[in-house]
Amino acid sequence: MTKADYKWLDEHKLFMYASQHITKEERQELYNIYNRITGEKKKPNGCGRCLRTTLNHLKQYYEKHDITKSL
């Protein structure tokens, strides 16, 4: 995870911890970060369950990421 990815997730962490309205641009950025981390090529498709699964995976990466190592 890059510092920029971590920073973006940190600024938008409520998406991972609470139900929030997510704009189309924010959803695309979440998937972009997810794809960079995992190497997958997921695309937003309007499926709420798919988005929640992606957010849960990002949450795990976010919580495991030790920001002090990347600084």
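Student: Is Lys-13 buried, partly exposed or exposed?

Tutor: Lys-13 counts as partly exposed, because its relative accessibility is 37%. Buried means under 20% relative accessible area, exposed means over 50%, and partly exposed lies in between (1.4 Å probe, protein chains only). Please note that this is a predicted model, in which local features need pLDDT of at least 70, side-chain atom pairs count only at pLDDT 80 or more, and totals for chains, interfaces and linings use all residues. Residues are numbered from 1 along each chain as its sequence is written, and side-chain values use heavy atoms, with hydrogens and water left out.

Student: Which residue forms a salt bridge with Lys-13?

Tutor: Asp-10 does, with the closest N and O atoms 3.6 Å apart. A salt bridge is a side-chain nitrogen of Lys or Arg within 4 Å of a carboxyl oxygen of Asp or Glu. Asp-10 is partly exposed, at 32% relative accessibility.

Student: How many salt bridges are found in the whole structure?

Tutor: The search finds 4. One of them joins Asp-5 and Arg-36, whose closest N and O atoms are 2.6 Å apart. This pair links distant parts of the chain, since Asp-5 is in helix H1 and Arg-36 is in helix H3, 31 residues apart. Helices (H or I, at least four residues) and strands (E, at least two) are DSSP runs, numbered from the N terminus.

Student: Is Asp-5 buried or exposed?

Tutor: Asp-5 counts as buried, because its relative accessibility is 4%. Arg-36, at 48%, counts as partly exposed. Asp-5 and Arg-36 also belong to a network of salt bridges with Glu-29.

Student: Which other residues of H1 are buried?

Tutor: In H1 (residues 3–11), Tyr-6, Trp-8 and Leu-9 are buried along with Asp-5. They lie on the same side of H1, because they cover an arc of only 165 degrees around the axis, taken from the directions from the helix axis to the C-beta atoms.

Student: What does the face turned away from that side carry?

Tutor: That face carries the exposed residues Ala-4, Lys-7 and Glu-11. Lys-7 and Glu-11 meet in a salt bridge (3.9 Å, N to O). They are 4 residues apart in H1, so about one helical turn separates them.

Student: New topic: which residues have the most contacts inside the largest nonpolar core?

Tutor: They are Leu-9, Leu-30, Leu-55 and Leu-58, in a core of 14 residues. A nonpolar core is a set of buried Ala, Val, Leu, Ile, Met, Phe, Trp, Tyr and Cys residues joined through side-chain atoms within 4.5 Å.
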